[in-house]
Amino acid sequence: MVYQICKYVFSNSSRSNFQFHKSDLRYSISTLFFSSFQPQRSVSEPPIPVAQYLINHHQFSPEAASKASSNFPFLKNPKQSDLVLSYLKETGFSHSQLEQVVEKFPNVLSVSPDIIKPKIKIFQETGFSSSDIADIISAGPWILKRSADNRLGPSILALKNIVGSHALVCRLLKSSGWFLKHDLEKTMMPNIEFMKSCGISSEQIINYLHIFPRFFLLKPESIVDGMKRVDEMGFDRNSRLLLQAIRTLCSMTVENWELKLNLFRELGFSEDDILVVFRKCPQVFCVSERKIKEVTDILLGAGNIDISYVVKHPELLIYSVEQRIKPRLGLLDILEEKNKLKTRPSVSTILKMDGKKFLERYVLPHSNELGRQYLASWGS
């Protein structure tokens, strides 16, 4: 075949009186022989910056686009991204909710709508409205990564069996979508059954689900161990604070728990004092060591107060130093100096009082003496 090509080239060149150099000949043969065998390279569009795409094509705010692009800088298939965002918008997501979804889960831009649709469908089939679905998923868009049949459907059903109504399930998922991230059959379900066996009512459990949802997703052995330690401390199982006590112990390591105990000892609390504080207000042990020390020092310096007073009113250790304790005690000092108090109320009375009631009783009646500047800076 090469011979025939050469013959064809030379014969044509002689007819046209063209003189070929060797290099020209090699180039001509190479072109004729190899051109049909070289593969054609497809020209693909270069990736485009995600921030640019979101701002120009979907009118995202620069802030939202910047957050999304920080972990997902380039987009290879903008047409597919258009389909995903259009589908979510048609499902009921507002513009701000779309921004939330993409900010928290930018990889959604590279997911096919066919993968997302079954997840949305599970919510629709179990009675969630379009606005409910948008609220839940925009708060936790990682939900779109979960299996519709193996995780989302069973979890929604389990929650409904526990709380008893679709409305409560919806409220629960809006406050915390974490329940859809875990296998509830291995965490929440056995935890709740154990709590009930300890005498904790369903009403208490449901209320606590809304306040501390992640507590119920701990490993069952952690909850069992927490209950064992609570029993060893002589905690009354009929106490309404039992769940709070278990959660407190489960929230820290044994080492951190010992650090808290040592702090109380250093401040002058006896072993019995510490147990009484825990039984009365377990939440105190979740407060930072710095704050416990600061509040204790303030209370002991407030006059006629000793450790026994703090043991009697341990909830005082939880209150904000800057927003409640210092402003209120400072106000009493001012009113006492101006002889505006017939009798000085107790520290516990002042600090436990509702903010509105405190304002009406001790602030507004003395507004002239206190002055506008003080009133403007007064904390609740």
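**Salt bridges, pair by pair**

Author: Happy to! Let's start with Arg265, which counts as partly exposed at 33% relative accessibility; here buried means under 20% relative accessible area, exposed over 50%, and partly exposed in between, with a 1.4 Å probe and protein chains only. Its partner in a salt bridge is Glu271, and their closest N and O atoms are 2.7 Å apart. A salt bridge here is a side-chain nitrogen of Lys or Arg within 4 Å of a carboxyl oxygen of Asp or Glu. Glu271 is partly exposed too, with a relative accessible area of 44%.

A word on the source: this is a predicted model, where local features need pLDDT of at least 70, side-chain atom pairs count only at pLDDT 80 or more, and totals for chains, interfaces and linings use all residues. Residues are numbered from 1 along each chain as its sequence is written, and side-chain values use heavy atoms, leaving out hydrogens and water.

Next come Arg237 and Asp231, whose side chains meet in a salt bridge of 2.7 Å, N to O. Arg237 is partly exposed at 35%, and Asp231 is partly exposed at 33%.

Lys121 and Glu125 form a salt bridge as well, at 3.8 Å from N to O. They sit 4 residues apart in helix 7 (residues 113-125), so about one helical turn separates them; helices are DSSP runs of H or I, at least four residues, numbered from the N terminus. Lys121 is partly exposed at 46%, whereas Glu125 is exposed at 56%.

Finally, Asp132, Asp135 and Lys174 are linked in a network of salt bridges. Across the whole structure, the search finds 12 salt bridges.

Conventions: Helices (H or I, at least four residues) and strands (E, at least two) are DSSP runs, numbered from the N terminus.
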